[in-house]
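Me: I am new to this structure and would like to understand the terms applied to it. Please set each one against its definition.

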Amino acid sequence: MASPRDFRLLGLLGLCFFQYNLLVLAILNPVDFLALQSIRKALEDLPGSNFFASWDFTSDPCNFAGVYCDSDKVISLDLGDPRAGSPGLSGRIDPAIGKLSSLAELSVVPGRIFGALPQTLSQLKNLRFLAISRNYLSGQIPASLGELRSLRTLDLSFNQLAGEIPRTIGTLPELTNVILGHNRFTGPVPLFLSHTLTRLDLKHNDLSGSIGPDSLPPSLQYLSLSWNRFTGAVDRALTRMNRLNYLDLSMNQFSGPIPGRIFTFPINNLQLQRNQFSGPVQPADQVTIQTVDLSYNRLSGQIPPTFSTVQNLYLNNNRFTGQVPGSFVDQLLAASIQTLYLQHNYLTGIQINPTAEIPLSSSLCLQYNCMVPPVQTPCPLKSGKQKTRPTEQCNEWKG
(Lines give C-alpha, C1' and ligand atoms only; values in the text may rest on other atoms or scores of the structure.)
Protein backbone atom coordinates (compact mmCIF):
# COMPACT_ATOMS: atom_id res chain seq x y z
CA MET A 1 0.00 0.00 0.00
CA ALA A 2 1.46 3.39 -1.02
CA SER A 3 2.49 5.71 1.77
CA PRO A 4 1.68 9.47 1.93
CA ARG A 5 5.34 10.05 1.02
CA ASP A 6 4.90 7.96 -2.13
CA PHE A 7 1.85 10.01 -3.11
CA ARG A 8 3.79 13.22 -2.62
CA LEU A 9 6.60 11.89 -4.85
CA LEU A 10 4.11 10.84 -7.48
CA GLY A 11 2.50 14.25 -7.30
CA LEU A 12 5.85 15.98 -7.76
CA LEU A 13 6.71 13.73 -10.69
CA GLY A 14 3.31 14.43 -12.26
CA LEU A 15 3.81 18.17 -11.83
CA CYS A 16 7.27 17.98 -13.39
CA PHE A 17 5.92 15.94 -16.30
CA PHE A 18 3.07 18.44 -16.79
CA GLN A 19 5.49 21.37 -16.71
CA TYR A 20 7.82 19.59 -19.15
CA ASN A 21 4.94 19.05 -21.59
CA LEU A 22 3.97 22.69 -21.26
CA LEU A 23 7.57 23.64 -22.02
CA VAL A 24 7.68 21.41 -25.10
CA LEU A 25 4.39 22.80 -26.37
CA ALA A 26 5.60 26.34 -25.76
CA ILE A 27 8.83 25.81 -27.67
CA LEU A 28 7.21 26.46 -31.05
CA ASN A 29 4.39 28.78 -31.96
CA PRO A 30 1.39 26.77 -33.31
CA VAL A 31 1.34 28.79 -36.54
CA ASP A 32 5.00 27.95 -37.18
CA PHE A 33 4.32 24.31 -36.24
CA LEU A 34 1.56 23.99 -38.84
CA ALA A 35 3.67 25.85 -41.45
CA LEU A 36 6.52 23.37 -40.99
CA GLN A 37 4.08 20.50 -41.47
CA SER A 38 2.89 21.97 -44.77
CA ILE A 39 6.45 22.62 -45.94
CA ARG A 40 7.37 19.05 -45.11
CA LYS A 41 4.40 17.59 -47.03
CA ALA A 42 5.44 19.45 -50.20
CA LEU A 43 9.01 18.10 -50.16
CA GLU A 44 10.70 14.71 -50.26
CA ASP A 45 14.22 13.39 -49.89
CA LEU A 46 15.77 12.38 -53.19
CA PRO A 47 17.14 8.82 -53.21
CA GLY A 48 20.27 8.78 -51.06
CA SER A 49 19.18 11.71 -48.88
CA ASN A 50 17.84 11.31 -45.34
CA PHE A 51 17.50 14.96 -44.41
CA PHE A 52 13.91 14.55 -43.16
CA ALA A 53 14.75 11.58 -40.92
CA SER A 54 14.70 13.85 -37.84
CA TRP A 55 11.42 15.57 -38.78
CA ASP A 56 9.14 13.69 -36.36
CA PHE A 57 6.28 16.02 -35.43
CA THR A 58 5.65 14.18 -32.16
CA SER A 59 8.89 15.80 -30.92
CA ASP A 60 10.17 19.36 -30.70
CA PRO A 61 10.48 20.82 -34.26
CA CYS A 62 13.23 23.14 -33.03
CA ASN A 63 15.43 20.03 -32.91
CA PHE A 64 14.73 19.13 -36.54
CA ALA A 65 17.63 19.20 -38.98
CA GLY A 66 17.86 22.64 -40.56
CA VAL A 67 15.38 24.30 -38.19
CA TYR A 68 16.64 27.01 -35.84
CA CYS A 69 14.42 28.76 -33.33
CA ASP A 70 14.51 31.77 -31.07
CA SER A 71 12.03 31.42 -28.22
CA ASP A 72 8.90 29.97 -29.84
CA LYS A 73 9.55 31.12 -33.45
CA VAL A 74 11.49 29.68 -36.39
CA ILE A 75 14.20 32.15 -37.41
CA SER A 76 16.23 30.06 -39.85
CA LEU A 77 15.30 27.25 -42.21
CA ASP A 78 18.00 25.39 -44.14
CA LEU A 79 16.33 22.71 -46.24
CA GLY A 80 18.47 19.80 -47.35
CA ASP A 81 21.82 18.38 -46.31
CA PRO A 82 24.51 20.96 -47.21
CA ARG A 83 27.33 18.40 -47.35
CA ALA A 84 28.98 17.93 -50.73
CA GLY A 85 27.47 15.09 -52.71
CA SER A 86 24.05 15.26 -51.05
CA PRO A 87 21.33 14.59 -53.66
CA GLY A 88 19.04 17.17 -52.04
CA LEU A 89 15.26 17.42 -52.05
CA SER A 90 12.46 17.31 -54.59
CA GLY A 91 9.08 19.00 -54.64
CA ARG A 92 7.86 22.57 -54.24
CA ILE A 93 8.21 25.41 -51.79
CA ASP A 94 4.82 25.47 -50.09
CA PRO A 95 3.11 28.88 -49.75
CA ALA A 96 2.89 28.19 -46.00
CA ILE A 97 6.50 29.39 -45.85
CA GLY A 98 5.02 32.88 -45.55
CA LYS A 99 3.56 31.99 -42.14
CA LEU A 100 7.02 31.81 -40.53
CA SER A 101 6.81 35.47 -39.58
CA SER A 102 10.17 35.64 -37.77
CA LEU A 103 12.15 33.86 -40.48
CA ALA A 104 15.44 35.65 -41.17
CA GLU A 105 17.22 33.01 -43.28
CA LEU A 106 15.90 30.59 -45.89
CA SER A 107 18.17 28.35 -47.93
CA VAL A 108 17.61 25.23 -50.02
CA VAL A 109 20.56 23.12 -51.11
CA PRO A 110 20.91 21.95 -54.73
CA GLY A 111 18.24 19.44 -55.66
CA ARG A 112 15.05 19.20 -57.70
CA ILE A 113 12.85 21.91 -56.27
CA PHE A 114 10.53 22.98 -59.09
CA GLY A 115 7.65 25.36 -59.66
CA ALA A 116 7.33 29.06 -58.97
CA LEU A 117 8.52 31.04 -55.99
CA PRO A 118 5.53 31.51 -53.67
CA GLN A 119 4.10 35.01 -53.56
CA THR A 120 3.85 34.55 -49.80
CA LEU A 121 7.61 35.05 -49.46
CA SER A 122 6.82 38.76 -49.39
CA GLN A 123 5.24 38.25 -45.95
CA LEU A 124 8.63 37.43 -44.42
CA LYS A 125 9.42 41.00 -43.37
CA ASN A 126 12.45 39.91 -41.30
CA LEU A 127 14.06 37.89 -44.10
CA ARG A 128 17.72 38.80 -44.62
CA PHE A 129 19.02 35.77 -46.52
CA LEU A 130 17.24 33.95 -49.38
CA ALA A 131 19.20 31.31 -51.30
CA ILE A 132 17.55 28.69 -53.49
CA SER A 133 20.19 27.90 -56.09
CA ARG A 134 20.88 24.94 -58.38
CA ASN A 135 17.31 23.69 -58.52
CA TYR A 136 14.53 23.85 -61.11
CA LEU A 137 12.58 26.92 -60.10
CA SER A 138 10.58 28.41 -62.97
CA GLY A 139 8.31 31.36 -63.62
CA GLN A 140 9.18 34.91 -62.64
CA ILE A 141 10.58 36.52 -59.53
CA PRO A 142 7.55 37.96 -57.72
CA ALA A 143 7.70 41.75 -57.79
CA SER A 144 6.42 41.60 -54.21
CA LEU A 145 9.89 40.50 -53.06
CA GLY A 146 10.60 44.23 -53.16
CA GLU A 147 8.68 44.38 -49.88
CA LEU A 148 11.48 42.50 -48.10
CA ARG A 149 13.23 45.66 -46.98
CA SER A 150 15.69 43.77 -44.74
CA LEU A 151 16.90 41.42 -47.48
CA ARG A 152 20.68 41.37 -47.86
CA THR A 153 21.43 38.26 -49.93
CA LEU A 154 19.35 37.03 -52.87
CA ASP A 155 20.73 33.91 -54.56
CA LEU A 156 18.47 32.25 -57.13
CA SER A 157 21.25 31.18 -59.50
CA PHE A 158 21.22 28.04 -61.64
CA ASN A 159 17.46 27.70 -62.04
CA GLN A 160 14.99 28.20 -64.90
CA LEU A 161 13.58 31.54 -63.86
CA ALA A 162 12.47 33.85 -66.67
CA GLY A 163 10.97 37.25 -67.36
CA GLU A 164 12.42 40.56 -66.28
CA ILE A 165 14.21 41.12 -63.00
CA PRO A 166 11.65 43.21 -61.09
CA ARG A 167 12.57 46.85 -60.66
CA THR A 168 11.45 46.51 -57.05
CA ILE A 169 14.48 44.30 -56.35
CA GLY A 170 16.74 47.22 -57.16
CA THR A 171 15.03 49.38 -54.55
CA LEU A 172 15.89 47.10 -51.61
CA PRO A 173 18.08 49.29 -49.36
CA GLU A 174 20.09 46.60 -47.53
CA LEU A 175 21.12 44.41 -50.47
CA THR A 176 24.70 43.15 -50.31
CA ASN A 177 24.70 40.13 -52.67
CA VAL A 178 22.52 39.57 -55.75
CA ILE A 179 23.30 36.29 -57.53
CA LEU A 180 20.91 35.49 -60.37
CA GLY A 181 23.25 33.89 -62.91
CA HIS A 182 22.39 30.88 -65.08
CA ASN A 183 18.69 31.55 -65.56
CA ARG A 184 16.57 32.83 -68.45
CA PHE A 185 16.02 36.44 -67.47
CA THR A 186 15.33 38.97 -70.21
CA GLY A 187 15.11 42.73 -70.43
CA PRO A 188 17.24 45.40 -68.77
CA VAL A 189 19.08 45.45 -65.47
CA PRO A 190 17.06 47.32 -62.86
CA LEU A 191 18.51 50.42 -61.25
CA PHE A 192 20.17 49.30 -58.00
CA LEU A 193 19.91 51.88 -55.24
CA SER A 194 21.59 49.99 -52.39
CA HIS A 195 24.77 51.66 -51.14
CA THR A 196 25.89 48.35 -49.61
CA LEU A 197 25.73 46.17 -52.73
CA THR A 198 29.12 44.49 -53.17
CA ARG A 199 28.35 41.48 -55.41
CA LEU A 200 26.19 41.45 -58.55
CA ASP A 201 26.25 38.28 -60.62
CA LEU A 202 23.87 38.14 -63.62
CA LYS A 203 25.91 35.97 -65.98
CA HIS A 204 24.40 33.46 -68.42
CA ASN A 205 21.00 35.02 -68.98
CA ASP A 206 19.37 36.80 -71.94
CA LEU A 207 19.51 40.31 -70.50
CA SER A 208 19.80 43.28 -72.85
CA GLY A 209 19.91 47.05 -72.97
CA SER A 210 22.68 49.36 -71.84
CA ILE A 211 24.36 50.07 -68.53
CA GLY A 212 23.84 53.72 -67.67
CA PRO A 213 26.34 55.77 -65.67
CA ASP A 214 24.15 55.51 -62.56
CA SER A 215 22.72 52.00 -63.09
CA LEU A 216 25.12 50.30 -60.68
CA PRO A 217 26.38 51.54 -57.30
CA PRO A 218 30.07 52.40 -56.74
CA SER A 219 30.09 50.02 -53.75
CA LEU A 220 30.39 46.99 -56.09
CA GLN A 221 33.43 44.77 -55.61
CA TYR A 222 32.33 41.85 -57.83
CA LEU A 223 30.49 42.36 -61.11
CA SER A 224 29.69 39.68 -63.67
CA LEU A 225 27.40 40.41 -66.62
CA SER A 226 28.93 37.88 -69.03
CA TRP A 227 26.96 35.81 -71.56
CA ASN A 228 24.12 38.28 -72.11
CA ARG A 229 23.17 40.72 -74.90
CA PHE A 230 24.14 44.05 -73.38
CA THR A 231 25.06 46.90 -75.73
CA GLY A 232 26.42 50.43 -75.56
CA ALA A 233 29.32 52.10 -73.82
CA VAL A 234 30.33 51.35 -70.24
CA ASP A 235 33.16 53.80 -69.66
CA ARG A 236 31.11 56.24 -67.57
CA ALA A 237 29.62 53.46 -65.45
CA LEU A 238 32.93 51.68 -64.86
CA THR A 239 34.94 54.72 -63.80
CA ARG A 240 32.67 55.10 -60.74
CA MET A 241 33.33 51.55 -59.49
CA ASN A 242 36.86 51.90 -58.15
CA ARG A 243 36.35 49.17 -55.52
CA LEU A 244 36.01 46.36 -58.05
CA ASN A 245 38.25 43.33 -57.51
CA TYR A 246 36.54 41.18 -60.17
CA LEU A 247 35.00 42.31 -63.45
CA ASP A 248 33.56 40.09 -66.17
CA LEU A 249 31.66 41.74 -69.04
CA SER A 250 32.61 39.11 -71.61
CA MET A 251 30.34 37.65 -74.29
CA ASN A 252 28.20 40.75 -74.85
CA GLN A 253 28.01 43.55 -77.41
CA PHE A 254 29.45 46.39 -75.37
CA SER A 255 31.10 49.07 -77.48
CA GLY A 256 33.11 52.25 -77.19
CA PRO A 257 36.39 52.74 -75.35
CA ILE A 258 37.77 50.84 -72.38
CA PRO A 259 38.53 53.46 -69.73
CA GLY A 260 42.22 53.42 -68.80
CA ARG A 261 41.31 54.07 -65.19
CA ILE A 262 39.91 50.58 -64.61
CA PHE A 263 43.42 49.12 -64.94
CA THR A 264 44.29 50.86 -61.66
CA PHE A 265 41.41 49.23 -59.76
CA PRO A 266 42.26 46.41 -57.26
CA ILE A 267 41.11 43.78 -59.79
CA ASN A 268 42.59 40.28 -59.88
CA ASN A 269 40.76 39.15 -62.99
CA LEU A 270 39.53 41.42 -65.81
CA GLN A 271 37.36 39.76 -68.44
CA LEU A 272 36.24 42.01 -71.31
CA GLN A 273 36.62 39.57 -74.21
CA ARG A 274 34.19 39.02 -77.08
CA ASN A 275 32.56 42.42 -77.21
CA GLN A 276 32.84 45.35 -79.61
CA PHE A 277 35.15 47.61 -77.62
CA SER A 278 37.15 49.87 -79.92
CA GLY A 279 39.91 52.45 -80.02
CA PRO A 280 43.28 52.47 -78.27
CA VAL A 281 43.84 51.10 -74.78
CA GLN A 282 45.71 53.49 -72.51
CA PRO A 283 46.30 52.34 -68.92
CA ALA A 284 47.25 55.23 -66.66
CA ASP A 285 50.09 53.28 -65.01
CA GLN A 286 51.82 49.91 -64.88
CA VAL A 287 49.12 47.23 -64.78
CA THR A 288 49.29 44.83 -61.82
CA ILE A 289 46.17 42.80 -62.62
CA GLN A 290 47.00 39.10 -62.78
CA THR A 291 44.76 38.20 -65.73
CA VAL A 292 43.55 40.60 -68.44
CA ASP A 293 41.48 39.31 -71.35
CA LEU A 294 40.63 41.86 -74.05
CA SER A 295 40.50 39.36 -76.92
CA TYR A 296 37.94 39.38 -79.73
CA ASN A 297 37.21 43.10 -79.76
CA ARG A 298 38.00 45.97 -82.14
CA LEU A 299 40.84 47.54 -80.19
CA SER A 300 43.50 49.37 -82.18
CA GLY A 301 46.71 51.33 -81.85
CA GLN A 302 49.92 50.06 -80.32
CA ILE A 303 50.15 47.64 -77.42
CA PRO A 304 50.89 49.62 -74.25
CA PRO A 305 54.19 48.64 -72.53
CA THR A 306 52.32 49.02 -69.22
CA PHE A 307 50.74 45.61 -69.89
CA SER A 308 54.11 43.83 -69.59
CA THR A 309 53.56 43.15 -65.87
CA VAL A 310 50.36 41.16 -66.46
CA GLN A 311 50.84 37.42 -65.90
CA ASN A 312 48.15 36.25 -68.32
CA LEU A 313 47.41 38.66 -71.16
CA TYR A 314 45.00 37.97 -74.00
CA LEU A 315 45.02 40.64 -76.73
CA ASN A 316 44.37 38.32 -79.67
CA ASN A 317 41.77 38.95 -82.38
CA ASN A 318 41.89 42.73 -82.30
CA ARG A 319 43.41 45.41 -84.55
CA PHE A 320 46.62 46.23 -82.72
CA THR A 321 49.49 47.53 -84.87
CA GLY A 322 53.21 48.24 -84.57
CA GLN A 323 55.94 46.45 -82.66
CA VAL A 324 55.50 44.31 -79.57
CA PRO A 325 57.14 46.35 -76.77
CA GLY A 326 60.58 45.12 -75.71
CA SER A 327 59.46 44.95 -72.08
CA PHE A 328 57.20 42.06 -73.04
CA VAL A 329 60.16 40.06 -74.30
CA ASP A 330 62.10 40.67 -71.10
CA GLN A 331 59.19 39.57 -68.89
CA LEU A 332 58.47 36.59 -71.11
CA LEU A 333 62.02 35.25 -71.02
CA ALA A 334 62.11 35.80 -67.26
CA ALA A 335 58.96 33.63 -66.96
CA SER A 336 57.06 36.52 -65.40
CA ILE A 337 54.52 36.35 -68.22
CA GLN A 338 52.77 32.98 -68.29
CA THR A 339 50.38 33.59 -71.19
CA LEU A 340 50.81 36.13 -73.99
CA TYR A 341 48.31 35.73 -76.82
CA LEU A 342 48.80 38.29 -79.61
CA GLN A 343 47.56 36.30 -82.62
CA HIS A 344 45.17 37.75 -85.20
CA ASN A 345 46.25 41.38 -85.05
CA TYR A 346 48.28 43.62 -87.40
CA LEU A 347 51.55 43.57 -85.46
CA THR A 348 54.66 44.12 -87.54
CA GLY A 349 57.48 42.81 -85.35
CA ILE A 350 58.93 41.66 -82.05
CA GLN A 351 62.55 42.02 -80.99
CA ILE A 352 63.45 38.53 -79.85
CA ASN A 353 66.38 36.31 -80.70
CA PRO A 354 65.23 33.39 -82.89
CA THR A 355 67.33 31.08 -80.73
CA ALA A 356 65.78 32.32 -77.50
CA GLU A 357 64.10 29.63 -75.44
CA ILE A 358 60.67 30.49 -74.15
CA PRO A 359 60.31 29.06 -70.62
CA LEU A 360 58.16 25.93 -70.49
CA SER A 361 55.86 27.68 -68.03
CA SER A 362 55.10 30.43 -70.56
CA SER A 363 52.90 30.41 -73.64
CA LEU A 364 53.37 32.84 -76.55
CA CYS A 365 51.31 33.02 -79.74
CA LEU A 366 52.08 35.45 -82.60
CA GLN A 367 50.27 33.79 -85.50
CA TYR A 368 48.37 35.70 -88.18
CA ASN A 369 50.01 39.09 -87.84
CA CYS A 370 51.83 41.25 -90.38
CA MET A 371 55.14 39.48 -89.70
CA VAL A 372 56.74 36.08 -89.78
CA PRO A 373 56.87 34.84 -86.17
CA PRO A 374 60.59 34.79 -85.26
CA VAL A 375 60.12 31.95 -82.75
CA GLN A 376 58.09 28.79 -82.96
CA THR A 377 55.69 28.46 -80.08
CA PRO A 378 52.55 26.39 -79.63
CA CYS A 379 49.33 28.29 -80.29
CA PRO A 380 45.75 27.28 -79.43
CA LEU A 381 44.09 25.26 -82.18
CA LYS A 382 41.43 27.91 -82.77
CA SER A 383 44.11 30.39 -83.83
CA GLY A 384 44.38 28.55 -87.15
CA LYS A 385 47.34 27.24 -89.13
CA GLN A 386 48.29 30.40 -91.05
CA LYS A 387 51.37 32.02 -89.54
CA THR A 388 51.09 35.39 -91.27
CA ARG A 389 48.35 37.65 -92.56
CA PRO A 390 47.94 38.08 -96.31
CA THR A 391 49.90 41.11 -97.52
CA GLU A 392 46.82 42.80 -98.94
CA GLN A 393 45.18 42.80 -95.51
CA CYS A 394 48.22 44.39 -93.89
CA ASN A 395 48.52 47.03 -96.64
CA GLU A 396 44.81 47.78 -96.46
CA TRP A 397 45.01 48.28 -92.70
CA LYS A 398 47.99 50.63 -93.07
CA GLY A 399 46.18 52.62 -95.69
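Reply: A disulfide is a pair of cysteine sulfur atoms within 2.5 Å. This is a predicted model, in which local features need pLDDT of at least 70 and side-chain atom pairs count only at pLDDT 80 or more, while totals for chains, interfaces and linings use all residues. Residues are numbered from 1 along each chain as its sequence is written, and side-chain values use heavy atoms, with hydrogens and water left out.

Me: What makes C365 and C379 a disulfide?

Reply: Their S to S distance is 2.0 Å, and the cut-off is within 2.5 Å, so the pair qualifies as a disulfide. With 110° about the S-S bond, this link is right-handed. C365 belongs to strand β27 and C379 to the loop between β27 and α6 (391–398), 14 residues apart. Helices (H or I, at least four residues) and strands (E, at least two) are DSSP runs, numbered from the N terminus.

Me: How do you know that the buried residues of α5 line one face of the helix?

Reply: The buried residues of helix α5 (residues 326–333) are F328, V329 and L332. Seen down the axis of α5, they fall within an arc of 100°, so they line one face. The arc is that of the directions from the helix axis to the C-beta atoms.

Key
Buried means under 20% relative accessible area, exposed over 50%, partly exposed in between (1.4 Å probe, protein chains only).
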